[in-house]
Amino acid sequence: MRAAIAVLFIALVGLATYHLVMSQANPELRTVDIEGKKLILRGFENPAVKVKGCGEEALLHGSIVEIPLNCSKVKVEVYSEGRLVFSGSLSLNP
């Protein structure tokens with residue numbers, strides 16, 4: 001009986017520790033979504049977006065940016081606080 005109580009106590013302490021650590025971590029997820037020609041960024045601090053395509057390049061700032069290039073596929077780089085945090089190729093609907 002004492003062993004069962006000890007195991008239960010250790011499990012509760014472990015869960016409480018896990019909850020405390022996870023609550024201190026950054027709980028906000030970073031997402032990059034595209035809707036038409038708008039790029040929607042969530043969870044980034046002071047985002048700067050570099051968009052490349054069709055031999056052109058644009059540097060944009062903000063969490064919701066309109067992609068000014070008329071290409072079907074663009075390469076997107078997202079910088080947050082001066083660091084590259086996302087890079088990928090996206091297809092745009094014409």
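1. The three-stranded sheet. In this predicted model, three strands form an open sheet in the order E1-E2-E5, and the pairing is antiparallel. Strands here are DSSP runs labelled E, with at least two residues, numbered from the N terminus (helices would be H or I runs with at least four). Two strands count as paired if DSSP finds at least two bridges between them. Strand E1 (31-35) and E5 are the edge strands with a single partner strand each, so one side of each has no neighbour in the sheet. From one strand to the next the twist averages 20 degrees; axes are lines fitted to C-alpha atoms (for helices, over the stretch in contact), and angles run from 0 to 180 degrees between N-to-C directions.

2. Basis of the model. Residues are numbered from 1 along each chain as its sequence is written. The model is predicted, so local features need pLDDT of at least 70 and side-chain atom pairs count only at pLDDT 80 or more, while totals for chains, interfaces and linings use all residues; side-chain values use heavy atoms, with hydrogens and water left out.

3. Pairing within that sheet. E1 and E2 run antiparallel and are joined by five bridges. They form a hairpin with two residues between them, and Gly-36 in the turn has a positive phi of about 65 degrees. Strand E2 (residues 38-42) is joined to E5 by three bridges, again antiparallel. Leu-39 can be followed across the sheet: Ile-34 stands opposite Leu-39 in E2, and the bridge partner of Leu-39 in E5 is Val-65.

4. The four-stranded sheet. A second open sheet has the order E4-E3-E6-E7, with antiparallel pairing. E4 and E7 are at its edges and have a single partner strand each, so one side of each is left without a neighbour in the sheet. The twist averages 20 degrees from one strand to the next. Six bridges join E3 to E4, and Gly-53 stands opposite Glu-56 in E4.

5. The disulfide. There is one disulfide by the rule used (a pair of cysteine sulfur atoms within 2.5 Å). The disulfide joins Cys-54 to Cys-71, with an S to S distance of 2.0 Å. Cys-54 is in the loop between strand E3 (47-53) and strand E4 (56-61), and Cys-71 is in the loop between strand E5 (64-66) and strand E6 (73-80), so the pair ties together parts 17 residues apart in sequence. Cys-54 is exposed at a relative accessible area of 55%, whereas Cys-71 counts as buried at 8%. Buried means under 20% relative accessible area, exposed over 50%, and partly exposed in between (1.4 Å probe, protein chains only).

6. The core. The largest nonpolar core has 16 residues, of which Leu-39, Val-49, Val-51, Val-74 and Val-76 touch the most other members. Such a core is a set of buried Ala, Val, Leu, Ile, Met, Phe, Trp, Tyr and Cys residues joined through side-chain atoms within 4.5 Å. E2, E3, E4 and E6 are the elements that give two or more residues to this core, and E6 gives the largest share, three residues.

7. Gly-82. Gly-82 is in the loop between E6 and strand E7 (83-91). Gly-82 is exposed, with a relative accessible area of 70%. The C-alpha atoms of Gly-82 and Leu-8 are separated by 46 Å, and the two residues are 74 residues apart along the chain.
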